[in-house]
Amino acid sequence: MPTAVPDRYKLELRIGRDGDIEEWLASDTSLDRPVLIRSLGPESSADRRKQFVSSVSDAAKAHHPHLAKVFIVEVVEGGAYSVVEWNGGTNIADRIGAASGIELDEFLPNASGLAAALAALHAAGAIHGSIDLSAISYSEDHPAKLGAFGRPFHGTAESDVRALAAALETALTGEPPGGPPPSESIDGLSPIIDLVLRAGQSGRYSAEDLEKALRAAPTPRLPKPEPKQFSRRLLMTAIGLVIVAVGLVGLGALFGSPKAPIIPSPTTNPTNSKISTTSITAPTTGASAITGVFTHDPFGGGGENDGSVNNLIDGNVSTSWTTERYQDPLPLIKLGVGVIASVTGTPSQLLLTGFAEGTSFEIRWSNQVLDDPDQWERIAAGRAPAGTTTIDLPARVDGFWMVWMLELPLQSDGTFYSEISELRLIS
């Protein structure tokens, strides 16, 4: 039997159990709306009821469109209960069981929304402590919502982010994390999303970082319907029938499947050099100095116009460095390209003058040059505006600062590339 609740709530349907919590769909007769009641019965201990109320109360302090609203929570004789928003959706675990996760075109808005909801929860001083697929409800008519508050607590803010990133990958692929990257099996999904989910699962992101990275990720491209093509053979057959059967007119068409497009390889630098051999000491500002600059192309031919990379620190805005020119969007070819500045001192700002508007980028730092960009510390992410791009930097002594470009803008000549006139660090 469910725990006794106030008379205003009319129990309609027993949904099942979430661990030791019994769930009921009910009607709030005072406000004429459906609600979800989660209750602990008389078999629960006093400590468990106290933890349940504390956890749900903490969650009630946070407000976000992707968080299930908590209306009330209290201890009653023989148990404890909470009244929570009911949005009519099923949880992701049930949808995966029915071979249906989150639709591809709805994934990023809901995934970034859930990460933002978790950030709001953490900002309110609350920890979920038990995020999994069944803690997320979703329907095509409502945004995905994080709920299932009040479960036995066993987590931290970091484990919350790890668990959410893992749940998001499974919601996308239908398979547990650890297998092939999602972009390898999902047509139109950018490899950048693979990197974001992997970083979330590794513990390198806060909930806010995860939300920002998901919002900056390229929108998945839905498969285009196959174009209609006429079959020449059927057309000739129809003409023959017209000749044989005088007065009978017929014409047929068949649908065909075009060959998959071939993505042209980008032009590679003939020197095939990953690091420029020239080192230039840039003018210093305060205690920071750039001691050298070079390109980083771990997923490509090894170089990105290395011959002009020192234009970034020559103090002349009329000169610039550009990436290679690509015939297709960069995410279709590789995971990104970058430029790295080796630095002494502790800069407080990074200024990119003449950074091509629309470039999707991340700022990363490391105390050594690592081939895998995902092993660098992710500091900031965004899309370059017109004019000078200014990024406030946390305190990092010496090391290497990288501008890692994820998407390059389409230019007037029909190719995709980015450019930067000057890279400066300010103390």
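Predicted model: local features only at pLDDT ≥ 70, side-chain atom pairs only at ≥ 80, totals over all residues.
In general, the strands of a sheet pair through backbone hydrogen bonds, in either a parallel or an antiparallel manner. Here, strand S15 (residues 360–366) and S16 run antiparallel and are joined by 6 bridges. Within this pairing, arginine 364 has arginine 378 of S16 as its bridge partner.

Attention now turns to helix H4. Helix H4 (residues 157–173) packs with helix H6 (residues 191–202) at an angle of about 145°, and their axes are 7 Å apart. The crossing of these two helices, H4 and H6, is left-handed. On the H4 side, the contact involves Val161, Arg162, Ala165, Ala166, Leu168, Glu169 and Leu172, which meet Leu197, Gly200, Gln201 and Ser202 in H6. By class, the residues of this contact comprise 6 nonpolar, 3 polar and 2 charged.

The length of H4 can be checked against its residue count. At 1.5 Å a residue, its 17 residues should span 24 Å, and the end C-alpha atoms of H4 are 25 Å apart, which agrees. Several residues of H4 are buried, among them Asp160, Val161, Leu164, Ala165, Leu168, Glu169 and Leu172. The buried residues of H4 pack against H6 and H7, and also against helix H2 (92–97), helix H3 (104–123), strand S7 (136–139) and helix H5 (182–185). After H4 comes glycine 174, which has a positive phi near 80°.

Two residues other than glycine also have positive phi. Alanine 148, in the loop between strand S8 (142–146) and H4, has a phi of about 60°. Its relative accessibility is 14%; because the cut-off for burial is under 20%, alanine 148 counts as buried. Asparagine 305, in the loop between S11 and strand S12 (321–322), has a phi near 50°. With a relative accessible area of 22%, asparagine 305 is partly exposed.

Notes
Residues numbered from 1 in each chain as written. Heavy atoms only, no water. Pairing = 2+ DSSP bridges. Helix = DSSP H or I, 4+ residues; strand = E, 2+ residues; numbered from the N terminus. Axes fitted to C-alpha atoms, helices over the stretch in contact; angles between N-to-C directions. Left-handed = near helix turned anticlockwise from the far one by under 90°. Contact = heavy atoms within 4.5 Å. Nonpolar A, V, L, I, M, F, W, Y, C, P; charged D, E, K, R; others polar. Expected span 1.5 Å × (residues − 1). Buried < 20%, exposed > 50% of the residue type's maximum accessible area, 1.4 Å probe, protein only.
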